[in-house]
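Here is a quick walk through one model, written for someone who likes to check numbers against coordinates. Have the viewer open while you read.

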Amino acid sequence: MDIRSDDFYPTRLERPQARFDRLDPVIHSQGSARQDGPLSETELARYERDGFLVFDRFLDETTVRRFREDLRRYEDDEAILRSEGTITEPGKQEIRSIFSIHELSDRFDRLTRDPRILDMVHQLLGSDAYIHQSRINYKPGFHGKGFDWHSDFETWHAEDGMPRMRAVSFSIALTDNTPFNGPLMLVPGSHRQFIPCVGRTPEDNYQSSLKKQELGVPSQGDLNDMIDRHGIQAPTGPAGSLIIFECNTLHGSNANMSPWPRSNLFFVYNSVENRLEAPFCGNKSRPDFLGSRANTEALTPLSQDPLTRVG
Ligand code: 6CS
Ligand code: FE
């Protein structure tokens with residue numbers, strides 16, 4: 001397949017290619033707009049350096065408990081279990097991920113427009129934003145499988161046609177994340193380079209990749225260099241903690257061998273100036289629950305406290 005002239009990050013290639021420095025800024029707001037938001041200059045500089053930020057107890061216990069109760073209801077909801085956006089663990093009926101969670105639940109939808117979150121999103125992306133993807137990753141005790149090392153941007157670029165690195169993930173822990181239940185691991189500083197990956201993408205790759213990702217995974221040589229140089233961090237913390245990570249930060253997680261389940265909520269915000277194009281791997285677009293095309297209006301912050309309303 002020929003590489004498109006508007007493809008700044010060629011990947012899924014026939015032959016290995018060297019990694020290269022990203023062509024996009026990490027923080028997109030410029031001039032005085034950089035200071036216009038809740039993140040301090042120290043936090044912004046850390047995000048620029050590491051590609052992620054951690055806030056302990058971002059949501060209080062009562063709020064997290066309500067979200068967790070919602071989760072428990074979804075596990076018994078036949079319609080949700082059967083929906084295309086619900087992914088089960090390989091070879092099992094246990095839930096691995098539920099996508100498009102903000103379209104299933106009013107409470108999650110309101111959280112996407114919480115001004116405390118959206119103000120940070122705007123400060124980082126330097127524009128209005130919309131939800132590109134939302135999901136809950138479950139990791140049941142004993143059975144929860146891991147996620148191999150990857151950059152989300154690599155997949156969103158190749159399989160969804162996200163043109164540039166101008167998106168950010170907000171991950172809120174709905175259970176405690178401990179060293180034992182397969183917490184998110186990140187490679188600090190990895191967001192500054194793009195790693196082209198080898199291998200042509202089959203149509204409907206997502207049907208297997210969401211259970212176990214085989215393509216869009218960097219070579220062991222690249223991973224070795226990057227991780228040797230930068231190390232690994234696995235922020236742990238109580239339920240309610242927030243991790244903000246840049247779309248190109250390498251991350252993964254181990255299986256959950258502990259008896260304690262681990263669930264994290266993810267909202268991915270994309271800049272309205274970075275809406276999806278045709279997938280750069282040349283395939284047809286993935287369904288909307290993975291990469292939103294239908295609903296890309298700029299989100300507006302809710303004025304009342306979005307979480308205290310009963311619903
Ligand atoms: O394919 C995707 O879009 C998803 N896959 C992974 C492993 N991480 C990000 C994203 O949810
Ligand atoms: Fe990911």
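**The chain as a whole**

Keep in mind that this is a predicted model. The protein chain carries 9 helices and 12 strands. Its radius of gyration is 18 Å, which agrees with the value near 19 Å that a compact globule of 311 residues would have. Along the principal axes, the C-alpha atoms fill a box of roughly 50 × 50 × 40 Å. Of the 311 residues, 58% count as buried. The protein chain exposes about 13800 Å², and carbon and sulfur atoms supply 49% of that area. If you take contacts between residues at least 6 apart in sequence, 85% of them join residues at least 24 apart.

**The iron site**

Which residues hold the iron ion (ligand 2)? The iron ion (ligand 2) is coordinated by His150 through NE2, Asp152 through OD and His251 through NE2, at 2.1 to 2.2 Å. In sequence, these donor residues follow the spacing H-x1-D-x98-H. The pair His150 and His251 links distant parts of the chain: His150 belongs to strand E6 (residues 147-150) and His251 to strand E11 (residues 251-253), 101 residues apart. Both His150 and His251 are buried.

As for geometry, the iron ion (ligand 2) has 4 donor atoms with angles of 81 to 170° among them, and the site is irregular. Why not tetrahedral? Four donors count as tetrahedral only if all angles lie between 85 and 135 degrees, so the range of 81 to 170° rules that label out.

**Arg96, a buried arginine**

Arg96 sits in strand E4 (residues 95-99). Is Arg96 buried or exposed? Arg96 counts as buried because its relative accessibility is 2%, and the cut-off for buried is under 20%. The side chain of Arg96 has polar atoms 3.2 Å from the backbone oxygen of Gly146, and it also reaches the backbone oxygen of Lys211 at 3.2 Å. Leaving aside neighbours within four places in sequence, the contacts of Arg96 include Ile87, Thr88, Glu89, Ile136, Tyr138, Phe147 and Leu210. Pro140 is 44 residues away from Arg96 in sequence, with 8.2 Å between the two C-alpha atoms.

His191 is found in the loop between strand E8 (184-186) and strand E9 (193-194). At 0% relative accessibility, His191 counts as buried. Beyond its neighbours within four places in sequence, His191 is in contact with residues including Arg22, Val26, Tyr47, Asp50, Glu246 and Asn248.

Ser100 lies in the loop between E4 and helix H4 (101-104), while Phe142 lies in the loop between strand E5 (129-139) and E6. Where does each stand on accessibility?

Note on methods: Residues numbered from 1 in each chain as written. Chains lettered and ligands numbered in written order. Predicted model: local features only at pLDDT ≥ 70, side-chain atom pairs only at ≥ 80, totals over all residues. Heavy atoms only, no water. Donors = N, O, S within 2.8 Å, 3.2 Å for Na, K, Ca; no water. Tetrahedral: all angles 85-135°; square planar, octahedral: opposite > 155°, others 65-115°. Helix = DSSP H or I, 4+ residues; strand = E, 2+ residues; numbered from the N terminus. Buried < 20%, exposed > 50% of the residue type's maximum accessible area, 1.4 Å probe, protein only. Contact = heavy atoms within 4.5 Å. Polar contact = N/O pair within 3.5 Å; in protein donor to acceptor, adjacent residues only side chain to side chain. Rg over C-alpha atoms; globule rule 2.2 N^0.38 Å. Areas by Shrake-Rupley, 256 points an atom, 1.4 Å probe, with all protein chains shown as cover.
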